[in-house]
Amino acid sequence: MSHKIETKNYEPPRMGLLLLQFAIAFLFVVFFARYWYLQIHRGEEFARLSFENRTKIARIDAARGEIFDKNGVPLAENYITFAIAIVREDTPDVDAALAQISEWTNTSYEELVEKYNKNKYYVRSFDPIIIVADLPLELIAPIQSQLYLWPGIHIVPKARRHYPQKNTVAHIMGYVAEATKEELQEDENLSLGDIVGRQGLELMLEDRLRGKKGAAAMEVDVFGRSLHREVISPAYSGENIYLSIDIELQKNIEHIMQNQAGSVIVMNPDTGALDALVTLPSYDNNLFVTGFSRKEWDAVRLHPRYPLQNRTIQSMFPPASVWKLLMAGALLEKGVDPRDTVFCSGVFKLGNRQFRCWSKYGHGNVDMKHSLMYSCDVYYYEKALDLGIDYIADFAKKCGFGRRTGIELPHEASGVVPDREWKLKKIGERWQNGDTVNLSIGQGFMLVTPIQQAVYISSLLNGGKLLKPQLIKDAEPEIMGYTPISPEHCKLIADYMFATANESRGTARIIKTEGVHTGGKTGTAQVVKIKMQGDRRKKNHEMDFKERDHAWLGAYAEKDGRRYVIVTMLEHGGGGSSAAGPVTRDIIKLLFPPENTKK
Amino acid sequence: MKVFNTPNKRMFLDMNWALFITAIVIFSVGFVNLYSASSIRLEDGITHTPFYERQLMWGGIGLGLMFAVILINYKILERLASPFYFFVLFLLILVPVFGKTVYGAQRWLDLGFFSLQPSEFAKFSVLLMGAKYLAKDGETLGWVRLFKLLFIGLVPFALIVKQPDLGTGLTVLFLIGGMALFHGIKWKVLRICLVIIPLTLPLSWFVLHDYQQERILTFLDPSRDPRGAGYHIIQSQIAIGSGELLGKGFQEGTQSQLRFLPEKHTDFAVAVLGEEWGFVGSVGVVVIFCFFLFCIYSTICEARDRFGSTLCAGIFFYFFWQVMVNTGMVVGIMPVVGIPLPFISYGGTAMMVNCILIGIVLSVSINRFVFKA
């Protein structure tokens, strides 16, 4: 370029140019090194953090198994309620959110704050914390329409347990409750708000009912909104369980018992399956799920007849004359000839003590059959002394008394079979022959539960098998042991029970039913010493109910190959025959409806 | 003196084409990256906010401004420097009186039809005034001249920092300092400065606003506020780091698409790039910027007079400063200061300022030869 003239008399400062070169090099070195450090040296670590940023593992709740009776009538079911929850991580201003929830639901702000603070440490920051449960349905729509203003507040569905049969099977079902902090810490499969069984079958069958939670991986944006959801492991619902209980029967028995306190067990003597397990009074187990009001709780707590008690398995009573069924077995196995007779004059003398037969005038000469039929006490007074306490106590224990039957319900009582050692330990006195005499007719220290009676009577029918009482439909029979009574002797005692129910002067004649093979043994357990009114025993209805006798009736009924053991126990109900008799009779009619009324 | 360069063949041939093309390349990279950064993934797919379209518009306007500036003979700027400088100071004084407050800072003058940010003009005025002052004498700076020069920067600095706008204020100061160092400072003076400046820095802590102190503390320890200011720093590093060697791929950056990355189309745009293009892309951008600075450097070497070269050196430091502070912030070696990355971050004003400055450098490159009459 000829017209250009290189007359550069200006040179930029050399040090300045060097400075600029240095600046460029500096820029390159610094950022090359830094990018190397971040992307190559720590790249994997940041890749993982980035993955964790956008991936969240969400629980998929598993539905709790439902429970039905033998015919499929629901006894425990789930229904959906809605709750307001806060997701901590997505809530910019928790206080404002709580204040808003308090306004929506008209609950006190302080209460909500307390609830939030109590629970926040038990949930992950992206899991909802339930603030208000059981949202009334009419509130859901208005709240839902404003939720877009409140990131972090959610309406979440929550499964609730419901027992449609309420009181009728409350003791069998038990109830559920939210897992406690301790349970949450112990069991990593539980999360806040999960329900667990607390009582009854809900507690005993927890493992089968609970099911298995699933998990889903969610890709979320910075606001926690899920963009993509992938199930990692599916949730498995808990098992649906059918019971051997027949809810219709259960209800009808309840009806028959009217307002009496007591229990009725209807058991299949061949399988141990329980068709009915009634205990009265009862309570509404739904209240344990939804919460009691003060009034409701007081009504249960202060009730004079303790409705929370499951009388079939938790209450222990003297077995009274029903015990003679066991004594008969003990005598037969000792080789006593059932035809041997004892003379009953109405009173039995032991030293200078007198033991009365229930019949003031005595029964005359009685053999074993008639001792059961008339429920003669003197026969057993005398025979028991021959057997001795050691043999009787041992025999009773072998027949399932003094230990739990193994029914799958919590808090079963084991009863008491007193012996020498027991008395010395508990009472601090030596065993007397008088104690043996008392024991022989099921009075004194002896205590049994109705379910033990049912298991023993069943063993008489099934040839000596002590079956575990089963609540689950079609459960495999479980033999817990064998009584020492031979099948022949079992049959003999069962026949005597038939006579008691069917022959004239039999004490259980009230349960005689046309066309049904029935047998039974009554019992009247004295609560206090016999009260005499002059020369006459006080009648039950003349006494305060707490002093009245307990009425027992252990029975069986069979027709067309179907048979049941029915144990009726009426607490302070009065005489075995007069009080428990009509109840048992009506139950037999329920189980075997008379031909002409059959559909 | 000629006010305009006449467009002719000579001018076309002498222009620093490398600088121009590099600027276009950086803009293109930034534009492509912005397209990805402006997308958000929702449940039903990816949606775009139209930042990238507007960036293209700003780019077009910027290019127009650049050509307009090329046509101006840079020598005329030397004469305009003083009046312009005092005019800008006047505007800066008006800001606290009439300015409108946005986000707690008073930076804008509302002219009715549009808003003016005098601090943007302050950068130009300080560049021009500084270059003019230094061009008078090639002698290295002694105490007196150094203080006079620093005074040119300190007056607008004080006014801008008061707004408060620490980022722009520091930019102004850095420009003056850079030009002084480029020009040369007497060794005895420099020696003392190197001792005194580090000593006075801690004192400046006490004049900082609370939020500025907070930012510096958070920079030193992001975990002290992981959900607030530290969140930006942490998420930005996660975004870049997770890109690893080759990146997650274009529009595949989860940190940005799922909005974990804040300010991803403006201040943190280069983090999106690092996440999607990895180490290769990130270092690529650094290399392009280095080459870009080298292109400016070549014009500084060739400038025919001291005013031209000092002015270009100021522009060099201006770009250097922005790359340093922005990228440094994104990779976590600088505190969070709202300074955008030239041509990569979205923003109209910055785009226009950058284009004008490149136009000035190109104007110097065209006029690098002296002609005989």
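Colleague: What makes B:V195 part of a helix, and which one is it?

Modeller: B:V195 is found in helix α8 of chain B. Helices are DSSP runs of H or I with at least four residues, strands are runs of E with at least two, and both are numbered from the N terminus. This is a predicted model, where local features need pLDDT of at least 70, side-chain atom pairs count only at pLDDT 80 or more, and totals for chains, interfaces and linings use all residues. Residues are numbered from 1 along each chain as its sequence is written, chains are lettered from A and ligands numbered from 1 in the order in which they are written, and side-chain values use heavy atoms, leaving out hydrogens and water.

Colleague: Why do B:W143, B:V144, B:F147, B:I192, B:V195, B:I196 and B:L199 count as a nonpolar patch?

Modeller: A patch takes residues with over 30% relative accessible area and no salt bridge (a Lys or Arg side-chain nitrogen within 4 Å of an Asp or Glu carboxyl oxygen). The largest share, four residues, comes from α8(B).

Colleague: Why are A:I389, A:Y391, A:I392, A:A393, A:F395 and A:A396 called buried?

Modeller: Buried means under 20% relative accessible area, exposed over 50%, and partly exposed in between, with a 1.4 Å probe and protein chains only. These six, in helix α16 (residues 389-398) of chain A, fall in the buried class. They pack against α13, α15, α17 and α18 of chain A, where contact means heavy atoms within 4.5 Å.

Colleague: What makes a nonpolar core, and how many residues has the largest one?

Modeller: Buried Ala, Val, Leu, Ile, Met, Phe, Trp, Tyr and Cys residues form a core when joined through side-chain atoms within 4.5 Å. The largest has 106 residues, and B:F292, B:F316 and B:F343 have the most contacts inside it. Helix α12 (residues 269-302) of chain B supplies the largest share, 17 residues.

Colleague: How many residues of each chain are in contact, and what area do the chains bury?

Modeller: 60 residues of chain B are in contact with 46 of chain A. Together the chains bury about 4800 Å² (accessible area, 1.4 Å probe, lost on being put together and summed over both). Carbon and sulfur atoms hold 70% of it, and the count of salt bridges between the chains is zero.

Definitions and conventions. Buried area is the accessible area (1.4 Å probe) that two parts lose on being put together, summed over both.
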